[in-house]
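Subject: Structure for you to look at, with notes on its pockets and cavities

Dear colleague,

Please keep it open beside the notes as you read.

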Amino acid sequence: MKAVVLVGGFGTRLRPLTETVKKELLPLVDRPILDHVLDHLARHGVHEVILSSPYLEAAFHPFIEARQGDPTITWITEAAPLGTGGAIVNALGAVGDGPFFALNGDILTDLDLTGMLEAHREREAVVTISLHHVEDARAFGLVVTDERDRVLEFLEKPIDPIPGEVNAGTYILDPAVLGAWSAVGELSIEREIFPSVIASGGPVFGYLADAYWLDLGTPEKYLQAHFDLLDGKVHGVTYEAPWIAATAGVDPGARLGRWVAIGAEARVGPGAQVDDSVVHPGAAVGDGARVLRTIVGPGAHVGARSTVEDCVLGAGARVPDAVSLSGLRVPTDTEAAPA
Ligand code: GTP
């Protein structure tokens, strides 16, 4: 079984972090998000992965080099951004004749891929879409299924906070169903390809699972994914909470809350307080500083006695001593200017 993993988005909602590190390569506790995604695939018998992106391979090359073993990785560079559908169509030459998984590379899930494949085969589906139940579907389009889980239609984002099933971004596809499409421009799998397959009568099924699922597209969700991993909510992975990399230096006089991850070579000074936050490799939190609900990017520095809350500090960003920042995104290699 093979999988196409999409790693070519712009990651605009996670700026400035994604200005220096591609979204799927951002650390998630101890290793890149993409490592978690590939390990999950390997646990379910996916041994060959095709990574597809309009970025040059150089952006991902160190990751591919460092990651040896299962699953093996084939890289495809898109001539231009093709969107989620175009990227999958463009990878068809590498997937072979049988059904394959396709998924977004920015999703943390413990979805039972083995069960999903069994369901796909039993129902003789041409497409199976993983579904996730949400209580408030305003941020998502809804997927409507019949009592046998066959997908009937896709609805636009609702205006009211209603519950429903949403597309969870993992698919099983029969290559033949994509044969009529060409990867010449931007094409959306969910807005163009799936509705067209349904309209032509193809058996498209939903797979509703009671799995952990979070897309890591925003700073809030990126933080939440850390908290949930540290809290043991994601099946198959366990961490100590707080998590401190072996090479990090946390002063014994610093106070770390439970929902905290401190990356390799990062420093936390005496009297500092860190809660509900992620400190990336090589970053520094000065003496007596307070870091709350914040992502401190790689090599960023929070000055002594400063408070940062609900902030995102880009790589190499600097917060001066003794200032308070709230709700700010500090660009890469820039000194924050307190309001
Ligand atoms: P935002 O700019 O913050 O919306 O992020 P994004 O550009 O990554 O978009 P989105 O979160 O909707 O993307 C979902 C998944 O599809 C992510 O894993 C992206 O990397 C991937 N993706 C989006 N567009 C493309 C594309 O043109 N080519 C490839 N290969 N992957 C894509």
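The second largest pocket holds about 200 Å³ of space, and please bear in mind that this value, like the others in this message, comes from a predicted model. Its lining is made up of Pro 219, Glu 220, Leu 223, Gln 224, Phe 227, Arg 293, Asp 310, Cys 311, Val 312, Gly 327, Leu 328 and Arg 329. Helix H8, which runs over residues 219-230, is the element that contributes most to this lining, with five residues. Sorted by class, the lining of this second largest pocket has six nonpolar, two polar and four charged residues.

The largest pocket has a volume of about 1400 Å³, and 48 residues line it, with Arg 13, Thr 84, Asn 104, Glu 190 and Arg 191 lying nearest its centre. Two or more lining residues come from each of H4, strand E9 (142-145), strand E10 (151-155), strand E11 (164-173), helix H7 (189-199) and strand E13 (213-215). Among these elements, E11 gives the most to the lining of the largest pocket, namely five residues. By class, the lining of the largest pocket divides into 20 nonpolar, 15 polar and 13 charged residues.

Where does the ligand sit? The space that the ligand takes is the largest pocket, and the elements that supply two or more residues to the shell around the ligand are strand E4 (48-53) and helix H4 (83-90). Helix H4 gives the most to this shell, with three residues, and H4 is also among the elements that give two or more residues to the lining of the largest pocket.

In total, 22 residues surround the ligand, and the closest of them are Phe 10, Thr 12, Glu 24, Ser 52 and Glu 78. The shell consists of seven nonpolar, 10 polar and five charged residues. As for individual atom pairs, an N or O atom in the side chain of Glu 78 lies 2.6 Å from a nitrogen atom of the ligand, while a polar backbone atom of Gly 8 is 3.1 Å from a nitrogen atom of the ligand. An oxygen atom of the ligand, in turn, is 3.0 Å from a backbone N or O atom of Leu 6. On its own the ligand has 620 Å² of accessible area, of which the protein covers 82%.

The largest cavity, with a volume of about 50 Å³, is lined by Thr 109, Leu 111, Leu 131, His 132, Ala 168, Ala 209, Ala 211 and Trp 213. This lining has six nonpolar and two polar residues, and no charged residues.

The second largest cavity has a volume of about 40 Å³, and its lining is formed by Gly 9, Phe 10, Gly 11, Thr 18, Val 21, Lys 22, Lys 23, Glu 24 and Tyr 55. By class, the lining of the second largest cavity has three nonpolar, three polar and three charged residues. Phe 10 and Glu 24, which are part of this lining, are also among the residues closest to the ligand.

With best wishes

Technical notes:
Residues numbered from 1 in each chain as written. Predicted model: local features only at pLDDT ≥ 70, side-chain atom pairs only at ≥ 80, totals over all residues. Heavy atoms only, no water. Near = heavy atom within 4 Å. Polar contact = N/O pair within 3.5 Å; in protein donor to acceptor, adjacent residues only side chain to side chain. Areas by Shrake-Rupley, 256 points an atom, 1.4 Å probe, with all protein chains shown as cover. 1 Å grid on protein atoms, 1.4 Å probe; cavity = no way out; pocket = protein on both sides within 12 Å on 5 of 7 lines; lining within 4 Å. Sits in = over half its atoms within 2 Å of the grid points. Helix = DSSP H or I, 4+ residues; strand = E, 2+ residues; numbered from the N terminus. Nonpolar A, V, L, I, M, F, W, Y, C, P; charged D, E, K, R; others polar. Points joined across faces, edges and corners; volume = space filled by probe spheres on them.
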